[in-house]
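Let's take a friendly walk through this model together. Have the sequence and the 3D view open as you read.

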Amino acid sequence: MVSYPSRITVVAKLSVSLPDQLVQDLREAAHDNVSAFVTAAVRHELDRRRLSAFVDDLADELGPVDEAEVARYSELFASTVTAAMPQRKTASG
């Protein structure tokens, strides 16, 4: 017998107030699934805040970051991302 994990997710309804223009932008960007869009946005923001708190904890434990090292690794990361991106064809090519 094959067992499949349950796909049922417990959800809670939440009412929030947003400026009208933000709601219009949200509906335009989210198309027919505002809940999924908001869920992803909230998850992203929570992850960002947790990462920031983790970095702050590391700085408290290990001392401040070396800005030269950050710049060096940021440059390496950027070049790696650029190299990994598929090349787009131009109008002339």
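Helices (H or I, at least four residues) and strands (E, at least two) are DSSP runs, numbered from the N terminus. Leu62 belongs to helix α2, residues 34–62. Please keep in mind that this is a predicted model, in which local features need pLDDT of at least 70, side-chain atom pairs count only at pLDDT 80 or more, and totals for chains, interfaces and linings use all residues. Residues are numbered from 1 along each chain as its sequence is written, and side-chain values use heavy atoms, leaving out hydrogens and water.

**The overall picture**

The protein chain holds three helices and zero strands, in the order α-α-α from the N terminus. Of its 93 residues, 2% are buried; buried means under 20% relative accessible area, exposed over 50%, and partly exposed in between (1.4 Å probe, protein chains only). The chain exposes about 9,400 Å², with 58% supplied by carbon and sulfur atoms. Such areas come from the Shrake-Rupley method with a 1.4 Å probe, and for residues only the protein chains shown count as cover.

With 29 residues, α2 reaches 41 Å from its first C-alpha to its last, close to the 42 Å expected at 1.5 Å a residue. The expected span is 1.5 Å times one less than the number of residues. Just after α2, Gly63 has a positive phi of about 100 degrees.

A search of the whole structure finds three salt bridges, each being a side-chain nitrogen of Lys or Arg within 4 Å of a carboxyl oxygen of Asp or Glu.

| Salt bridge | Closest N to O |
|---|---|
| Glu45 and Arg48 | 2.7 Å |
| Arg50 and Asp47 | 3.5 Å |

Glu45 is partly exposed, at 26% relative accessible area, while Arg49 is exposed at 54%. Because Arg50 and Asp47 sit three residues apart in helix α2, about one helical turn separates them. Shared partners link Glu45, Arg48 and Arg49 into one salt-bridge network.

**A nonpolar patch**

Leu51, Phe54, Val55, Leu58 and Leu62 make a nonpolar surface patch of about 490 Å². Patches are made of residues with over 30% relative accessible area and no salt bridge; like charges are joined within 9 Å, nonpolar side chains (Val, Leu, Ile, Met, Phe, Trp, Tyr) within 5 Å. Leu62 counts as exposed because its relative accessibility is 65%.

**Helix α3**

The 18 residues of α3 (residues 67–84) should span 26 Å at 1.5 Å a residue, and the end C-alpha atoms agree at 25 Å apart.
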